[in-house]
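Here are my notes on this model, as numbered points. Please read them with the structure open.

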Amino acid sequence: MSSNNGQPVLEDISVIVAGQGGDGSLTVITMLADLFRNSGLNVYTERDVLSRIRGGHAAATMRAFTGHRYCIGSKITLLVALDEEAVTKNARHLDSDSVIVFDDSSGSLPKGLLPQGAKLYAAPFNRIAMRTMRRELYKNSIAFGMVGRLLGLEDEHMRETFVKRFERRGQVILDYNLEALGLGLHMADELGIKQGKGLYKIERTDPEEHLLIMGNESVAFGFMAAGGRFFTGYPITPSTEVLETLQKWLPKCGGVVRQTEDELAGVNMAIGAALTGARTMTATSGPGFSLMQEGVGHAGSAEVPLVVVDCQRSGPSTGMPTRPEQSDLNLMVFGGHGDFPRFVLTPGHPEDCFYLTVDATNLADKYQLPVFIAMDQALSQNIATVKPFNLDEVTVTPGKRLTAEDVAKLDTYKRYSFSEDNISAFAAPGTPGGMSLVTGNEHDEFGLVSTDPDNRLRMMEKRMNKMEDAKKELPKGRLFGDQESKIGFIGIGMMYGVILEAMEELEQEGIHTKYLQPRTIWPMLDETIEFINSCDRVYVIDLNAGAQLARLFMHQGAEKNKIISITRYDGLPYRPGILVKQILEEEAKLLNGQGKEAKLL
Amino acid sequence: MTTEPKTKTFTPARPIWCAGCGDFAVRGVLEKSLENMGIPPHKFMFLAGIGCSGTIQNNIKCYGYHSLHGRVLPTSIGAKLANPDLTVVAAGGDGDGFAIGAGHLVHTFKSNPSITYIVMNNSNYGLTKGQASPTSPTGYRDNAETGMDSILLGLSFPSTTFLARGFSGNAAQLESLMMAALEHTEAGRGFAFLEVLSPCVTYYDTHREWRAKVYNINEEEGFDPTDRANAFKRVLELKEEKRIPIGLIFKGENTALEKLIVNENETYPALQEIGHTGHRAEYDKFIKAYLG
């Protein structure tokens, strides 16, 4: 599509800003995302940074598009390279249509690095920043002016975004950045890139307003909207935004947010608050979740409602803190000593994060057990546009609580009374007459420590049966694609957006597929196993080395020979094109009769 | 005082302690102090750690909770911050508090929440048959290290507000210290730390030794428990003299944690009705902030 003056109208564009850590790539991308969102396009951004404040190669990407997408595409439309390494690292994503803006302060770009036909704009951002402003820091704001012009943004809109972004940091900082923006616009003028004469034209396509939000912020808000009023956390990448968002918002609703000394305190302080009846959550990543294992098992045994968010990153150990992975699935499903019930929910995009956190908070309260929300770094931290959350769709259902009046009507109150539905109504501390004992020791109905074998069996069954009981109301998965197809996909978290887009591309190759995005992986819902067994083959995409998801399905009754396991654990986010290539290769092998045995490590 | 409904709840269990254990005195004094203070059982949340002393909540009418080993302080703080109306008392032993849970003790000294913490110090791990603990002296079994002093640790934090040590063999003084600790927390003045020397009659019977060594610092002429530097100096000097100072050793002023982070203009987290719509305006503001 092109506009009447010949510029292509934006339908799907990817901009990457790359340089050294501290160059401000993420700031440029975040502001661009805001501008494009305001123009009525949907956006998705991705960060690729190292776990350090300065130095090391860092990049941020923004994709703006019409329609519904939750991943970065395979192609770069515009590369803003703040150094030469930014070009060499990203060259493979460039083609003859790509445009490159290069900071040539340290010399011009060597020949042969760019594909034939790619258009290069070279400008010395760093040198101008140093010469004019005496601060290298402002080079990204200078570059922004040029990039904005190329993308067809209005100068005035850029200025507005700068004000929005920098005014909370004080007038001085704002003035410097506006000055830098002006320098960038001037450079664009000199290169002949005038206002309204960019490479593209933006037309407002979607009249609806959109939130621009990351998964972690959506989780935080879901918890708040579900009546969550107590949160603990210890800063750890990539979960920290849950803590920071709630620190900002929850106290306004009378909630308490506590940054604890470690994750041991984090999970136990959450348990202490949950004991009093407050809806409680904590968030962490793999290393912290490992430390919390004793606590979550205790919550399962002592029947304490608790939501734990695990923003997974590359493990094991310290791993690669800023890289996405889905390798804590085994820990969420099977972790902890002894047997205890737990639910594991798996959202796929920020909107899903909001609604599933509401569900998690309700479910924890109803069933009095730990509920885990399985995030990954990309889902947690990548900012995307979503429809504004509909608060009228949020149902908050309290668990089985006893008031003083309820207690007074009882002959006997037992905290762990056996009941039909395996859930014991409880009186929170402070309720007259409801004195009780809560413990992670095996206990009788009153909560007194007991090793009686008959009691042990009944108590264990009471707790473990909650998982079967809950299946009917645990969040169901979502189906996409051609339901007649016999080729299926299963993937969770960040794979949601990648798989959907790969399916579109496969469709063009004549391969029809369907996709199940499971939203509960523990207890395993029958629908998941039925989906697998209804296909000839299912590609299970695991972002871990151990094929944890595929193995879980097999363990739960999926036909082993129907699963083709694809694992990835190099730390890089998936691109749809890479998945398409892998699927085409697998399908070709099948055509060549090379069998389709389950491929596990 | 609210009268409790007639509903039958758990019957407090008989203690599991050996006859003559110092923990009996702690239980008796605590029960009496709560009664003296007029704190009804339903407002009393009693959390205990793991160890012999970590069963004390089973022996009193209360909202009792048995925490994970070493985690009684964060759990108690969570309860207090979620509902500051509760009287929250944490209890445990020297292993629970000074070994596996030492990190939390340090941060509780620092954060000053209005909870009482009773550490029943018997200078060994009684429940696992007498291994050396952080407070065991040099030469106990194979212990080559020097025992730690929790009061000195507490004094080294400028944020602490109540540091006391009692002796199970001196119930009258212990009761006055227990009352003072509960009054401190009920008034929202911050963290009341009460170490109780509580001899283990089975594995490390220090009863006679401690009776001979204890020194009531409050009887010392001119001793001022609000003078942190002098308290530190006197505790060190007494240790040099092989004496164990007991009494109210330090009392200071510092804003309590719950007063810093619980929004007093709103209903406390635990007391908010779940599903109420009173905060819809805040939710709408959140959405607006992300609409740009």
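1. Start with strands S18 (residues 487–490) and S19 (residues 514–517) of chain A. They pair in the parallel sense, over three bridges. Phe489(A) has Tyr515(A) as its bridge partner in S19(A). Keep in mind that this is a predicted model.

2. Both strands belong to an open sheet of five strands in chain A, ordered S17-S19-S18-S21-S22. Its pairing is mixed. Strand S17 (478–481) sits at one edge and strand S22 (563–567) at the other, each pairing on one side only. From one strand to the next, the twist averages 20°.

3. Which helix lies across S17, S18, S19 and S21 of chain A? That is helix H17 (residues 495–508) of chain A, which runs at about 170° to S19(A). Helix H19 (residues 548–555) of chain A also packs on the sheet. H19 touches S21 and S22 of chain A, and its direction makes about 135° with that of S21(A).

4. Now the domains. The assignment for chain A gives domain 1 (12–190), domain 2 (212–393), domain 3 (404–472) and domain 4 (478–591). The C-alpha centres of domain 3 and domain 4 of chain A are 41 Å apart.

5. On to the interface. Chain A puts 68 residues in contact with 57 residues of chain B. Helix H9 (residues 263–275) of chain A supplies the largest share of the chain A side, nine residues. That side counts 35 nonpolar, 22 polar and 11 charged residues.

6. Strand pairing also links the two chains. Strand S16 (residues 437–439) of chain A pairs with strand S2 (residues 63–66) of chain B in the parallel sense, over three bridges. Leu437(A) has Gly64(B) as its bridge partner in S2(B).

7. Last, a helix pair within chain B. The axes of helix H1 (residues 23–37) and helix H6 (residues 171–186) of chain B come within 9 Å and cross at roughly 50°. H1(B) is therefore oblique to H6(B). The crossing of H1(B) past H6(B) is right-handed.

8. What makes that contact? From H1(B) come Ala25(B), Val29(B), Leu30(B), Lys32(B), Ser33(B), Asn36(B) and Met37(B). From H6(B) come Ala171(B), Leu174(B), Glu175(B), Met178(B), Met179(B), Leu182(B) and Glu186(B). By class, the residues of this contact between H1(B) and H6(B) are nine nonpolar, two polar and three charged.

Notes:
Residues numbered from 1 in each chain as written. Chains lettered and ligands numbered in written order. Predicted model: local features only at pLDDT ≥ 70, side-chain atom pairs only at ≥ 80, totals over all residues. Contact = placed C-beta atoms within 7 Å. Helix = DSSP H or I, 4+ residues; strand = E, 2+ residues; numbered from the N terminus. Nonpolar A, V, L, I, M, F, W, Y, C, P; charged D, E, K, R; others polar. Pairing = 2+ DSSP bridges. Axes fitted to C-alpha atoms, helices over the stretch in contact; angles between N-to-C directions. Parallel < 35°, antiparallel > 145°, perpendicular 65-115°, else oblique. Left-handed = near helix turned anticlockwise from the far one by under 90°. Domains from an automatic or database assignment.
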